[in-house]
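Dear colleague,

I am handing over the structure below, together with an account of what was found in it. Please read the notes alongside the coordinates.

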Amino acid sequence: MGYSKLAQSFMPAHTNNYSKGRSGYKVCKITPHHMAGKLTAKRCGELFQNGSRQASANYGIGYNGEIICYVDENNRAYTSSNKANDCQAITIEVSNSQNGGDWPISDASWNSLVNLCVDICQRYNFKLEYDGTPNGSLTRHNMFTATTCPGPYLQGRFEELVSTVNSKLGGSSKPAPSTPSETSTNYLVKVTTDVLNIRKGPGTNYGTNGSIKDRGVYTIVAESDGQGASKWGKLKSGAGWIALDYTEKQTSSLKPSTPATPAITKGCKVKFTGTKSYSGIKLASWTNGYVFDVIEVSGDRVVIGKGTAVTAAVNMKDCVRV
């Protein structure tokens, strides 16, 4: 059994309300929730002992700051409406100090949350990073489903939580990245989230190098383990690495490019000749004739943008080399 020494007790959730193990994922995230009520940690734990609830959390923090463990850290709690997140995160339910409004929490609860986050980060060797997307090591319930959790008050203090916890941990907000090994491969993936950060290396402990916002299809040429995801994929464009947890592997094989005249290749510049009604792409600020850099070519698709910053993936027939 594994749980923080800061927990006053262990109050096991019903076995229907969590899964044994973490499906091969490593703990590298923290997801604070709010209880949507003024509860003690014990009362919250009683709710998770109801086998029909189909919900739980690794920890609960009462309005008086008491910490109780409900689901062993070795196991996945059912908390965030997202399997990949819950398999990687220690999830924490935090009591509110009053009902409604901004759903505030007490100073005692806040201090316990900070201390528990510090303890988790120390034991699993990561620091908090919050960028408003599922890519960070600090995530929110409402990133994955339509909910107000963790409430306006607690969500409004997420950046403060990052700075406070990382200050207690010491040093910069990101640990020095290791040099993981990579395995060569070659396949297509479709991005399944609205914003997916491109990292300079395979892990959330590497800096960002732009992001993908078009839910497009991209070529992966290498895989690697790394912090923040079960597997990382290296983009053919050379722009960096993406978390493969937020992609779907495409079953179709890679097709050879159908070149225009002159040929469109990676690194060249193209003039976009499509229209604002281009299918699936938000082109409100685009005009016919705008010039972009070609970041990647795969089959009849061209990834365009500025430098390594991806703007969109469009059909090659809508581009002319300049």
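**Overall make-up**

The chain holds 5 helices and 19 strands, where helices (H or I, at least four residues) and strands (E, at least two) are DSSP runs, numbered from the N terminus. This is a predicted model, in which local features need pLDDT of at least 70 and side-chain atom pairs count only at pLDDT 80 or more, while totals for chains, interfaces and linings use all residues. Residues are numbered from 1 along each chain as its sequence is written, and side-chain values use heavy atoms, with hydrogens and water left out.

Of the 322 residues of the chain, 52% count as buried; buried means under 20% relative accessible area, exposed over 50%, and partly exposed in between, with a 1.4 Å probe and protein chains only. The chain exposes about 14300 Å², of which carbon and sulfur atoms supply 47%, with accessible areas taken from the Shrake-Rupley method with a 1.4 Å probe and, for residues, only the protein chains shown counted as cover. Among contacts (heavy atoms within 4.5 Å) between residues at least 6 apart in sequence, 67% join residues at least 24 apart.

**The nonpolar cores**

A nonpolar core is here a set of buried Ala, Val, Leu, Ile, Met, Phe, Trp, Tyr and Cys residues joined through side-chain atoms within 4.5 Å. The largest one has 27 residues, and those with the most contacts inside it are Ile30, Tyr59, Ile92, Leu113, Leu128, Leu161 and Val165. The elements that give two or more residues to this core are β4 (59-61), β5 (67-69), β7 (89-94), α3 (107-124) and α5 (158-169), and the largest share, 8 residues, comes from α3. A second, separate core has 22 residues, including Ala222, Trp241, Tyr246 and Ala313.

Ile92 deserves a separate look: leaving out residues up to four places away in sequence, Ile92 touches Ile30, Thr31, Pro32, His33, Tyr59, Ile61, Leu113, Leu116, Cys117 and Ile120.

**Helix α5**

With 12 residues, α5 reaches 16 Å from its first C-alpha to its last, close to the 16 Å expected at 1.5 Å a residue; the expected span is 1.5 Å times one less than the number of residues in the helix. Its buried residues are Phe158, Leu161, Val162, Val165 and Asn166. These residues lie on the same side of α5 because they cover an arc of only 115° around the axis, the arc being that of the directions from the helix axis to the C-beta atoms. An α-helix has 3.6 residues a turn, so residues three or four places apart point the same way. The cover over the buried residues of α5 includes β3 (29-34), α3 and α4 (152-155), whereas the face turned away from the buried side carries the exposed residues Glu159, Ser167 and Lys168. Just after α5, Gly170 takes a positive phi of about 90°.

Ser4 sits in the segment before β1 (9-10) and counts as buried, at 1% relative accessibility. The side chain of Ser4 makes a polar contact with the side chain of Asp119 at 2.6 Å, and a polar atom of the Ser4 side chain lies 3.0 Å from the backbone nitrogen of Leu6. A polar contact is a pair of N or O atoms within 3.5 Å; within protein, one must be able to donate a hydrogen and the other to accept it, and residues adjacent in sequence count only if both atoms are side-chain atoms. Leaving aside its neighbours within four places in sequence, Ser4 is in contact with Tyr59, Glu73, Leu116, Asp119 and Arg123.

Leu244, in the loop between β13 (241-243) and β14 (247-249), is likewise buried, with a relative accessible area of 13%. Apart from residues up to four places away in sequence, Leu244 touches Tyr187, Val189, Ile220, Glu223, Lys231, Trp232 and Gly233.

**Backbone points to check**

The peptide bond from Cys149 to Pro150 is cis, with omega near 20°, and Pro150 is found in the loop between α3 and α4. Trp103, in the loop between β7 and α3, has a positive phi of about 55° although it is not a glycine, and is partly exposed at 21% relative accessibility. Arg215, in the loop between β10 (208-212) and β11 (217-226), has a positive phi of about 50°, again without being a glycine.

With best regards
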